[in-house]
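Hi,

Here is the structure I promised to pass on. Have a look at it first, and then read my notes below.

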Amino acid sequence: MKIHKLPTQAGTKGEPRILTTAKINFPGAVIRFGSTHLDAQKADSNRQLQIQEINRIAADEKLHFIIAGDFNDIPGSAVINELDKQFIRTCQQCDPTIPIKNPKKAIDFIAFTPSSKFKVVQTKVLNGIIASDHLPVVAELSGTGISASK
């Protein structure tokens, strides 16, 4: 397991953020799995710095890489557009994940590096499961028989 500290712009408020990664050994496959929670403050600059660092880490990774997390931004935002430069999200028209009652925004995603041989079988948001202030996202990937959940 590796813990990568993510940057925060000097002078902005926000909690320290990390990307945690682990090498997962499956029969016939080894992947890198990462989990993160980007800055929840309204400082988009922190999230932008953080996703750029995640993309840099992913670019250096030799293994197939799956990432899941709370990116605190919606599709079409600068942060998610940056994520999409290095990763393929398992959904392009993603169901909303927050708030858990009457969700309106999709800010939680599972994604994989383009060089991976993964194909998305399905992605779904699980309604009625209260594990946090977000609804869980589940993606089933084929090609290696691996599925990932956030």
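Predicted model: local features only at pLDDT ≥ 70, side-chain atom pairs only at ≥ 80, totals over all residues.

Residues are numbered from 1 along each chain as its sequence is written, and side-chain values use heavy atoms, with hydrogens and water left out.

**The strands**

Helices (H or I, at least four residues) and strands (E, at least two) are DSSP runs, numbered from the N terminus. Two strands count as paired if DSSP finds at least two bridges between them.

On that basis there is an open sheet of six strands, in the order 1-2-3-4-6-5 and with mixed pairing. Its edges are strand 1 and strand 5 (88-89), each of which pairs on one side only. Strand 1 (residues 2-6) runs antiparallel to strand 2 (residues 17-26), with five bridges, and His-4 sits opposite Leu-19 of strand 2. Eight bridges link strand 2 to strand 3 (residues 29-37), again in the antiparallel sense. These two strands make a hairpin with two residues between them, and Gly-28 in the turn has a positive phi of about 80 degrees.

Strand 8 (residues 137-142) has Val-137, Ala-139 and Leu-141 on a covered face, while Val-138, Glu-140 and Ser-142 are on an uncovered one.

**The cores**

A nonpolar core here is a set of buried Ala, Val, Leu, Ile, Met, Phe, Trp, Tyr and Cys residues joined through side-chain atoms within 4.5 Å. Buried means under 20% relative accessible area, exposed over 50%, and partly exposed in between (1.4 Å probe, protein chains only).

The largest such core has 19 residues, and Ile-54, Ile-67, Phe-71 and Phe-87 have the most contacts inside it. Two or more residues come from each of helix 1 (44-60), strand 4 (64-70), helix 2 (78-86) and strand 6 (108-112). Helix 1 is the biggest contributor, with four residues. Apart from this core lies another, of 11 residues, including Ile-66, Ala-68, Phe-118 and Leu-135.

Which residues does Phe-71 touch? Leaving out residues up to four places away in sequence, and taking contact as heavy atoms within 4.5 Å, its partners include Leu-38, Arg-47, Ile-51, Val-79 and Phe-109. Leu-38 lies in the loop between strand 3 and helix 1, and counts as buried because its relative accessibility is 0%. Among the contacts of Leu-38 beyond four places in sequence are Leu-6, Arg-17, Ile-54, Asp-70 and Asn-72. Its C-alpha atom is 7.9 Å from that of Ile-18, 20 residues apart along the chain.

**Loops and backbone**

Asn-72, in the loop between strand 4 and helix 2, has a positive phi of about 50 degrees although it is not a glycine. Is Asn-72 buried or exposed? Its relative accessibility is 17%, so Asn-72 counts as buried.

The loop between strand 5 and strand 6 holds Asn-102, another non-glycine residue with positive phi, near 55 degrees. Asn-102 counts as exposed because its relative accessibility is 60%. Pro-99 lies in the loop between strand 5 and strand 6 too, and a cis peptide bond joins Ile-98 to Pro-99, with omega at about -10 degrees.

Gln-52 is in helix 1 and counts as partly exposed, because its relative accessibility is 36%. Gln-52 and Cys-94 are 42 residues apart in sequence, and their C-alpha atoms are 22 Å apart in space.

Best wishes
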